[in-house]
Structure formats: structure tokens, C-alpha cells
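The sequence and structure are shown first, and the description follows.

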Amino acid sequence: MKILSGLNLEEIENLTSSLGASKFRARQIHNWIYLKSVKDIDEMTDLSKKFRDELKTVAQVSNVKIKVKQVSSDGTIKYLLEYPDGECVETVLMRFDNRANLTACVSSQVGCAVNCSFCATGKRGFIRNLDYKEIIEQVLTIQRDTGLKVTNIVFMGQGEPLLNLDNVLKAMKIFNEDFQIGARRLTLSTSGIIPQINKLAQMDIQSTLALSLHAPNHQIRSQLMQIENKYPMDELHKALINYVNKTGRRITIEYLLIKDLNDTLESAKQLAAYLKDIKCNINLIPYNPTEQNDYQRPSNNSIMKFKYLMENSGKKVTVRLERGADIDAACGQLRGKIK
Ligand code: SAH
Ligand code: SF4
């Protein structure tokens, strides 16, 4: 059985021509999959019943199941999806009030090998990469289930996208060309895999790179993220400068705020010095509690103070709105399991 989700126009054309149908039929099927997000071949109503029946003998729309769907009081929806081999990942749809944007937060791997101390995904260890079709299937599932069209995609679900870069790049190409989501509306978030950042710097992609820095110095970062021992901050600094020089693009620095650990005045000063010559915006992420550790979220007052200090260093600073915490859909809370 061919799975239609994830096929590009040419691949759908090969399929329709094997059934003796025209290229125009392929274009119709393509629209039904990516823009109208049907669940079933029978919903493709501009195809004749006869052709739909033929198509159904060789193809189906999808082979991924929604195992659990949870809706947060703030409107965020979290799906636990199950792939044919039984592995599961989450995907999250966020709506922000007063904006037409619908942002999908997608997973790139089952589990994650990077194992940051603050993240529930990392605690599971690495299970496997998702292939590009499994990545785009997450967005199709959201679109099919809600009947809405996703406008923005962030690779901030489970997994380290730069450790599955080939599949992630293929998925980004499909998001861009088949879903018609502009490259600027796609964001890759990484814990700082230097060789892959260098590789991205050589490519001409218009998407945003977000770096999970989370600490103002080597000592604190290595305490939070083991990856700091492999790819330390001073080398990361060079890679970021190179990235900005090569691409001309501004990067996003993600900075997790943990009470009394990296939210101090001294931390703000060190962070400002580290970022001084890097063209970037800063996104502060107040820590979301997970079961596995005893870090704490700072008070709103200290979050605002830290924001003010970073703004004084001349950067644009935003504080990430917490979405879906009541259903464990917020950053760092994805585990790929039913509670
Ligand atoms: N692996 C990639 C992308 C997925 S994580 C990365 O780490 O960048 C998406 C973001 O959520 C990262 O910035 C991550 O550091 C952050 N995060 C992880 N655990 C968190 C927690 N408990 N509270 C808040 N943010 C968290
Ligand atoms: Fe992996 Fe990102 Fe979680 Fe770190 S924060 S363990 S890199 S998913």
C-alpha cells in the first residue's frame, strides 16, 4: 500500500500514471493531501468514484494514528501519534490570541540522545530518528483533525533536529513547496551541534535558527547540558558568528531561566558579554517543571528583571509564553508516553 502523505507531486504523478490517469489527477490528489488535508480517499470529491476505488486498491492517505488528544485550557492541543512500528511522539498546536498564526511544534526524533538535565524528552534516551514523512505527517494530522491550515512550524518537540538533519531538511522542503508555508515561517531549534550549524551556514535557507544556549558560561552550561563538554560555548560562539556572516540572518538565542541558577545579575552580565557581537534576538524561557529534577521557575519579578537587563545590552528580548502546561505540552515536557 502506498501512503499518499509525504509524496511530492512527481511521486503522485508516477502513481496516477501507473493507474492510467492524467497528471491533472495527480495535482488534484496533491491539493487534497496538503492543502485540504483529507483523512480519506473518498473525500477527494472531484475524482470519479471509479477512480477513487482504483486508487484505494493501491494507496491510502496515512498510516499514523492519533493515540491521545488533549486540549489545554489555553487552546493548545497536544497529540500523541503512533507510527506503524508502535513508537509514539507528540506534536503540539499552539494558537496565540489575536493572531491568525497557527504554530505546530513538531518532533524530529523519538526520544533524544542529548539528555539535557532539565528536559523530560532527554530522560527517555534516544530511540530512533523520524523519517521526513513521519515529520510532515505530524502537521497533516493537525490539519486533518482541526480542519485548519498550519502557518508556522517550529522543530521544538522531541529530539535534536540537527542530529537528524537530512530528514529535517527534506521535511522543510516539503513544508515549503507542498504545504506552501514560507521558509521564514520555519524554525529549527538546536542544542548546539557545531558541525551541523556550520553545514547550515553553507546552505541558502531562509528559515530561522534558534540556539538553546541556556547558560552564561561553560561551568553552568556543562551542569545543565552534557553537550557543552563536546561542543563548548567558546567554539559555539565562533560557529554562530560564522553562521551570521555567511547567511546574513539573525539567530534566536533561547535561554532557559532557572531560579537562582542562571537568572542572577552576574549571569545577565556574562550573557550580554557573550552575545555582544552576535546578531541575535533573545527568547527567555521560564523553566517548566518536569518530574525528573528539582529546578524551579523564577518569580515573574526576576524574569522581568532579567529581561530588562538583557534589553539594556541592546538586544530584542521576548519571554516565551507558556502554552499547554496543564496537559504537559509546554517546552521540555514531552515524553512520548501516556501518563
Ligand atoms: N532539541 C532541540 C529542540 C527541542 S527542545 C533543542 O534543545 O533546542 C525545545 C526547547 O525547549 C529547547 O530550547 C529546550 O531547551 C527547551 N526546554 C527543554 N526542557 C525545558 C523545560 N523543562 N522548561 C522549559 N523549556 C525547556
Ligand atoms: Fe534533547 Fe532538546 Fe531535550 Fe536537550 S532540550 S534533551 S537537546 S530535546
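## A buried threonine

Thr16 has a relative accessibility of 1% and therefore counts as buried, since the cut-off for that class is under 20%. The model described here is predicted. Thr16 is placed in helix α1, which spans residues 9–18.

A polar atom of the Thr16 side chain lies 3.0 Å from the backbone oxygen of Glu13. When residues up to four places away in sequence are left out, Thr16 touches Ala21, Ser22, Arg25, Ala26, Ile29 and Phe51.

## Aromatic pairs

A search of the whole structure finds 5 aromatic pairs. One of them is formed by Tyr34 and Phe179, whose ring centres are 5.1 Å apart. The planes of these two rings stand at 65°, so the pair is classed as edge-to-face, the cut-off for that class being over 60 degrees. Tyr34 belongs to helix α2 (residues 23–34), whereas Phe179 sits in the loop between α6 (165–177) and β10 (186–190); the pair therefore ties together parts that are 145 residues apart in sequence.

Tyr34 and Phe179 are both buried. They also belong to one aromatic cluster, formed by Tyr34, Phe155, Phe175 and Phe179.

## A buried glutamate

Glu254 is located in strand β12, which covers residues 251–257. With a relative accessibility of 2%, Glu254 counts as buried, because the class takes in values under 20%.

The side chain of Glu254 is joined to that of Arg320 by a polar contact of 2.8 Å.

## The cavity

Empty space within a structure is shown by rolling a probe the size of a water molecule over the atoms. In this model there is 1 cavity of 30 Å³ or more. The volume of the largest cavity is about 30 Å³.

Which residues line the largest cavity? The lining consists of Leu188, Leu200, Ile205, Ser207, Thr208, Leu209 and Tyr243. By class, this lining has 5 nonpolar residues and 2 polar residues, with no charged residues.

Note on methods
Residues numbered from 1 in each chain as written. Chains lettered and ligands numbered in written order. Predicted model: local features only at pLDDT ≥ 70, side-chain atom pairs only at ≥ 80, totals over all residues. Heavy atoms only, no water. Helix = DSSP H or I, 4+ residues; strand = E, 2+ residues; numbered from the N terminus. Buried < 20%, exposed > 50% of the residue type's maximum accessible area, 1.4 Å probe, protein only. Polar contact = N/O pair within 3.5 Å; in protein donor to acceptor, adjacent residues only side chain to side chain. Contact = heavy atoms within 4.5 Å. 1 Å grid on protein atoms, 1.4 Å probe; cavity = no way out; pocket = protein on both sides within 12 Å on 5 of 7 lines; lining within 4 Å. Points joined across faces, edges and corners; volume = space filled by probe spheres on them. Nonpolar A, V, L, I, M, F, W, Y, C, P; charged D, E, K, R; others polar. Phe/Tyr/Trp six-rings, centres within 6.5 Å; stacked < 30°, edge-to-face > 60°.
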